[in-house]
Amino acid sequence: MQALLAPMRTVLAHNADFTLIEGAGGWRVPLSDQANLSDLAIALKLPVILVVGVRLGCINHALLSAEAIARDGLQLAGWVANIIEPRTSRLEENLASLAERLPAPAWAGCQNSRWPAPRRWPHTCSWICSTRLSLLKGTVPLVFLTGLLPGCLLQ
């Protein structure tokens, strides 16, 4: 983990309006025999944006991840719905449950453009960069992926 911390601290030292550090695989994904992705976020003391891979089991997974983030002493700044399987049974109800139960605001919904967007999500991932991230000016969010996030977030 120390090998990752040094270059990240160098990037953070540039004091940009905001910086996204993208994690992948889950909050407790191992980085080494002794360290997890969560340890990196904790060491950097960054707020977290949780990316929820919307499919069967996502509510349980997202709630457990949010609990772990809070237990680790970090702020859950918001969450993004990455609609991995748009034909998921009860998609709209799942999104509503996530919005009601997660202790942070929903920022946007992202999905493969081959499928129509759910009614609940009027914004795209690119909207996050122009609007929501401007709300975090002066802070440095850590993006934590629970699912795959389309590249539009970083455009």
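**Notebook: a serine, a helix and some loops**

I started with serine 38, which lies in helix α2. Helices here are DSSP runs (H or I, at least four residues), strands are E runs of at least two, and both are numbered from the N terminus. I noted that this is a predicted model, where local features need pLDDT of at least 70, side-chain atom pairs count only at pLDDT 80 or more, and totals for chains, interfaces and linings use all residues. Residues are numbered from 1 along each chain as its sequence is written, and side-chain values use heavy atoms, without hydrogens and water.

Is serine 38 buried or exposed? I found 0% relative accessibility, so serine 38 is buried (under 20% relative accessible area; exposed is over 50%, partly exposed in between; 1.4 Å probe, protein chains only).

Next I checked its partners. Leaving aside neighbours within four places in sequence, serine 38 is in contact with Trp27, Arg28 and Asp72 (heavy atoms within 4.5 Å).

Then I turned to α3, residues 58–71. It has 14 residues and reaches 20 Å from first C-alpha to last, close to the 20 Å expected (1.5 Å times one less than its number of residues). Its buried residues include Cys58, Ala62, Ser65 and Ile69. An α-helix has 3.6 residues a turn, so residues three or four places apart point the same way. Just after α3, glycine 73 takes a positive phi of about 85°.

Last, I looked up lysine 45. It has a positive phi of about 55° although it is not a glycine. I found lysine 45 in the loop between α2 (37–44) and β2 (48–54). Lysine 45 is exposed, at 69% relative accessible area.
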